[in-house]
Amino acid sequence: MQDESLQEARRQLEICNACRYCESYCSVFPAVHAVRAFSDGDLTQFANLCHNCRGCYYACQYTPPHGFALNLPNALAELRQDSWEEFAAPRVVGRLFQRNGLLLATATALCLALLLGLIRLAGDGGGEGFYAALPHTLMAGIFMLASLFPLLSLTVSLRRYWRATEGEWIRGSQLLAALKSAATAHNLDGGHGEGCNFEDEDRYSRARLFAHQLVMYGFMLCFAATAAGTVMHYLLDKPAPYPLWSAPKVFGISGGLALSAGSAWMVLLKLRADKTLAAPSAWGGEIEFIALLGAMALTGLLLFVLGSTAAMPTLLAVHLGTVLTFFLLTPFSKMAHAFYRLAALIRDEQCKQQR
């Protein structure tokens with residue numbers, strides 16, 4: 001990680017540790033106040049525990065033009081980005097994609113071109129529904145192979161994070177507490193139940209919490225649709241296409257609607273928010289990733305509506321292209337934050353039990 005981001009985070013947190021005005025704001029400050037000297041691993045843990053709600057910045061008396069010039073959301077966001085790039089496996093790919101929306105868009109275009117080419121080469125897939133454009137064996141093979149790489153990469157990355165933060169053996173109670181915090185997005189509520197100041201200095205809002213929940217649960221429903229389809233195809237010998245009230249369709253349509261709406265909402269919130277209170281250099285990559293999520297959901301919904309028309313093969317290529325991009329770049333995009341955030345929440349539970 002870059003020494004500059006570590007040292008700046010250390011400087012600001014040492015001032016915060018002396019002030020303690022924000023002690024009840026979120027999980028970061030109790031964790032900070034429990035430590036007297038900050039190791040690099042401590043700083044990395046605090047950065048990944050921060051949800052960038054920004055309430056501490058607007059409450060702080062030491063922000064610019066004060067001489068201390070505190071901007072803790074920015075300092076932790078920069079360190080958080082550096083940590084993701086440092087722990088990424090391979091590191092060079094993490095540095096390329098974490099902050100570069102243009103490269104993410106380029107990767108998406110290449111995946112779209114690949115799927116379009118495969119569909120043209122396949123001609124008549126010989127199956128029903130989508131499999132008439134792309135044979136099931138080829139489709140399943142591509143995504144089975146594409147899922148192995150991010151799983152391996154994330155395993156290596158999270159192991160590096162766990163070592164850097166001196167994580168211990170995970171107990172069931174710690175995992176459950178962390179999952180509960182993630183499921184309720186507790187730290188996006190500002191620590192007082194009124195919401196956070198992500199959009200505006202003088203107004204508390206739960207908009208970011210709700211948008212985040214739409215994205216998270218929409219994605220989980222889409223994943224459940226894929227899992228249900230896999231079970232029905234391989235275990236129950238019921239291949240697609242499926243009827244409207246089947247589990248794949250119910251989960252997929254509801255998840256697609258939630259993910260599309262949540263992604264659009266998140267983009268609007270980011271456009272309104274102050275970029276200087278996050279990591280400005282990563283802003284483009286974050287917007288591109290959210291747009292990728294939205295495109296993945298929207299093209300899936302369009303396939304449901306237009307799946308029986310002549311537009312189906314092209315729509316299928318676009319949808320599968322966005323999904324393939326998402327799979328391959330999960331360890332190197334904003335999506336990685338979900339895994340690091342859960343690891344930070346688990347580590348925080350461990351630290352609480354040691355206090």
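Of the contacts (heavy atoms within 4.5 Å) in the protein chain between residues at least 6 apart in sequence, 72% join residues at least 24 apart. The model is predicted, so local features need pLDDT of at least 70 and side-chain atom pairs count only at pLDDT 80 or more, while totals for chains, interfaces and linings use all residues. Residues are numbered from 1 along each chain as its sequence is written, and side-chain values use heavy atoms, with hydrogens and water left out.

The protein chain has 14 helices and two strands, taken as DSSP runs numbered from the N terminus (helices H or I, at least four residues; strands E, at least two). Its radius of gyration is 22 Å, close to the 20 Å that the globule rule gives for 355 residues, so the chain is as compact as a globular protein of that length. The radius is taken over C-alpha atoms, and the rule is 2.2 Å times the number of residues to the power 0.38. Along the principal axes, the C-alpha atoms fill a box of roughly 70 × 40 × 35 Å. Buried residues (under 20% relative accessible area, 1.4 Å probe, protein chains only) make up 47% of the 355 residues.

An α-helix has 3.6 residues a turn, so residues three or four places apart point the same way.

Key
Buried means under 20% relative accessible area, exposed over 50%, partly exposed in between (1.4 Å probe, protein chains only).
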